[in-house]
Amino acid sequence: MRKLCFISLLVMLMATPLMVSCERSDNGDLDGMWLLTRMDSVQVNKSYDVRSRRITWSFQAKIMQCFNYNDDKWKDVLMTRFRNEGTQLVIFDPFLYNRMDGDIPLTADSVHYLAPHCINCVPDTFQLEKLDKSTLIIADDVLRLSFEKY
């Protein structure tokens, strides 16, 4: 009986890693939650401290969640897909994650949902100027965004 229990336990321990599925991310330091701290207007050369707006971008696998803790409702959360191309970060396929009613795809006509999160168009391609464990700086044709790891 003891031998049977030991064998059963051993089989379960060996089978557990096979049953667990994990999506591996190659995002490196990009993964995690980032707080937008500064927004620079590229066209008019002005800087704004935006910490108090409490805008976050969170990266995991191939999904990015954008949230503005001052303005957004918990019912609708802006999500996008993204590609980290080494020197560029491409944001595309935005949608509202809505647990109650189902995901709502956003189109180019829905830019009013994207603008408060500093996304100016779909797709939006940002040049990756700096990325390390604590700092993310990206820029497109309109804005330079500086983030701190949250």
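What follows is a short walk through some strands, aromatic rings and salt bridges.

## Before we start

This is a predicted model, where local features need pLDDT of at least 70, side-chain atom pairs count only at pLDDT 80 or more, and totals for chains, interfaces and linings use all residues. Residues are numbered from 1 along each chain as its sequence is written, and side-chain values use heavy atoms, with hydrogens and water left out.

## Strand S3 and its partners

Let's begin with S3, which covers residues 55-60. Strands here are DSSP runs of E with at least two residues, numbered from the N terminus. S3 is mostly covered, with five of its six residues buried; buried means under 20% relative accessible area, exposed means over 50%, and partly exposed is in between, using a 1.4 Å probe and protein chains only.

S3 runs antiparallel to S1 (residues 32-41), and four bridges join them. S3 is also antiparallel to S4 (residues 63-68), this time with six bridges. Strands count as paired if DSSP finds at least two bridges between them. S3 and S4 make a hairpin with two residues between them, and Ala61 in the turn has a positive phi of about 55°.

## Ser41 in S1

Back in strand S1 you'll find Ser41, which counts as buried because its relative accessibility is 16%. Setting aside neighbours within four places in sequence, Ser41 is in contact (heavy atoms within 4.5 Å) with Lys46, Val142 and Leu143.

## Aromatic rings

There are five aromatic pairs in the structure. Rings of Phe, Tyr and Trp (its six-membered ring) pair if their centres lie within 6.5 Å; planes under 30 degrees apart are stacked, over 60 are edge-to-face, and the rest are tilted. One of the pairs is Trp57 with Phe147, a tilted one at 5.0 Å centre to centre and 45° between the planes. Trp57 sits in strand S3 and Phe147 in strand S10 (residues 143-149), so this pair ties together parts that are 90 residues apart in sequence. Both Trp57 and Phe147 are buried.

Phe67 and Tyr69 have ring centres 4.8 Å apart and planes at 65°, so they form an edge-to-face pair. Phe67 is buried, at 1% relative accessibility, whereas Tyr69 is partly exposed at 28%. There is also one aromatic cluster, formed by Trp57, Phe59, Phe82, Phe126 and Phe147.

## Salt bridges

Side chains of opposite charge can pair when their charged atoms come close. A salt bridge here is a side-chain nitrogen of Lys or Arg within 4 Å of a carboxyl oxygen of Asp or Glu. How many salt bridges does the structure hold? It holds six.

One of them joins Arg51 and Glu148, at 3.1 Å from N to O. Arg51 lies in the loop between strand S2 (46-49) and S3, and Glu148 in strand S10, so the pair ties together parts that are 97 residues apart in sequence. Arg51 is partly exposed at 38% relative accessibility, and Glu148 is partly exposed at 33%. Glu129 and Arg144 form a salt bridge as well, with their closest N and O atoms 2.9 Å apart. That pair links distant parts of the chain, 15 residues apart: Glu129 is in strand S8 (residues 124-131) and Arg144 in strand S10.
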